[in-house]
Every structure is written in C-alpha cells, then in structure tokens.
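I opened a new structure today and kept notes as I went. Here is what I looked up, entry by entry.

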Amino acid sequence: QVQLVESGGGLVQAGASPRLSCAASGLTFSNRAMGWFRQAPGKEREFVARISLSGISTYYSDSVKGRFTISRDNSKNTVYLQMNSLKPEDTAVYYCAALKTSSWSAVDYWGQGTQVTVSS
C-alpha cells in the first residue's frame, strides 16, 4: 500500500531553518506531483507548496513564499521542504501529500504528519 512517511519536525526557535523529508513507497513516485500541507491548532489544513513530477515547477502559498523551498529526489522517492526564517505562526502539523494524477489540486494520499513547533 502507499506510504508517505514524514520526518524532520520538532521544537525549533524562531529564525531556524529545519528541513522536512517525506519518503514515499507503494506508488510510482516519479509519476506524481507532490505537496506539503499544514494544520495549525484550531485551524483547517492549508496548502503550503507543491512540486511537479520532474521538480522543475513549484508553487507556494503566499504565507511561505520566499522562505520555504520544496524539492524532490526521484532516485530516493523523497520530497523535501526546506523551511527558513521560521516564525511562531508556522507552528503546525506538516503533512506530505501525493497529488492526484488527474488534478494537482486534489490529494490522493496523505502522510501521518510531523509536528513543527516554533518558539519565540
């Protein structure tokens, strides 16, 4: 079955630059656009970033544009989210997602999430 396993979260200070990883299995990774989403306490899950099959095309939410970078390594079936200049408002559970082949606006599979807590 499809598995998306995130890692790299934890408690960090404001201004830190951690990198999240998501290892995928059970799907043809190179045929999937991938995305990162996040859910803060008491809020709905929101889109953060997505990346095309080859990694050439990326797209970000306005709240992270210029601070976060999504990338992928198809040889390792892994997608990354480099987070720079973290702010307390970036505190959330971060989820990796495999997007639908028919529509990159929809999610086919979710990871279990990794908590990122930013202290001020």
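**Ground rules.** I call a residue buried under 20% relative accessible area, exposed over 50%, and partly exposed in between, using a 1.4 Å probe and protein chains only. This is a predicted model, so I keep in mind that local features need pLDDT of at least 70 and side-chain atom pairs count only at pLDDT 80 or more, while totals for chains, interfaces and linings use all residues. Residues are numbered from 1 along each chain as its sequence is written, and side-chain values use heavy atoms, with hydrogens and water left out.

**Entry 1: the disulfide.** How many disulfides does a search of the whole structure find? I got one, taking a disulfide as a pair of cysteine sulfur atoms within 2.5 Å. The partners are Cys-22 and Cys-96, with their sulfur atoms 2.1 Å apart. This pair links distant parts of the chain, 74 residues apart: Cys-22 sits in strand S3 (residues 19–25) and Cys-96 in strand S9 (residues 92–99). Strands here are DSSP runs (E, at least two residues), numbered from the N terminus. I also checked the torsion about the S-S bond of Cys-22 and Cys-96; it is about -75°, so the disulfide is left-handed. Buried or exposed, Cys-22 and Cys-96? Both are buried.

**Entry 2: the core.** Next I looked for a nonpolar core, meaning a set of buried Ala, Val, Leu, Ile, Met, Phe, Trp, Tyr and Cys residues joined through side-chain atoms within 4.5 Å. The largest has 27 residues, and Trp-36, Val-79, Leu-81 and Tyr-94 touch the most other members. Strands that each supply at least two residues of this core include S4 (34–39), S5 (46–51) and S8 (78–83). Which strand gives the most to this core? I noted S9, with four residues.

I then picked Val-79 and listed its contacts (heavy atoms within 4.5 Å). Leaving out residues up to four places away in sequence, Val-79 touches both Cys-22 and Cys-96, and its other contacts include Trp-36, Phe-29, Met-34 and Ile-51. A background reminder for myself: in soluble globular proteins, nonpolar side chains tend to be buried together.

**Entry 3: salt bridges.** My rule is a side-chain nitrogen of Lys or Arg within 4 Å of a carboxyl oxygen of Asp or Glu. The count comes to six salt bridges.

One of them joins Asp-108 and Arg-32, at 2.6 Å from N to O. That pair also links distant parts of the chain: Asp-108 is in strand S10 (residues 107–110), Arg-32 is in the loop between S3 and S4, and they are 76 residues apart. Asp-108 is partly exposed at 29% relative accessible area, whereas Arg-32 counts as buried at 12%.

Glu-46 and Arg-38 meet at 2.7 Å, N to O. Glu-46 is partly exposed at 34%, and Arg-38 is buried at 6%. Salt bridges that share partners join Arg-38, Glu-46, Arg-67 and Asp-90 into one network.

I looked up Lys-65 and Asp-62 as well; their closest N and O atoms are 3.2 Å apart. Asp-62 counts as exposed, at 68%.

**Entry 4: Phe-47.** Last stop for today. Phe-47 lies in strand S5 and is partly exposed, with a relative accessible area of 24%. What does Phe-47 touch, not counting residues up to four places away in sequence? I wrote down Trp-36, Phe-37, Tyr-59, Tyr-60 and Ser-61. Phe-47 and Tyr-60 are 13 residues apart along the chain, and their C-alpha atoms are separated by 8.0 Å.
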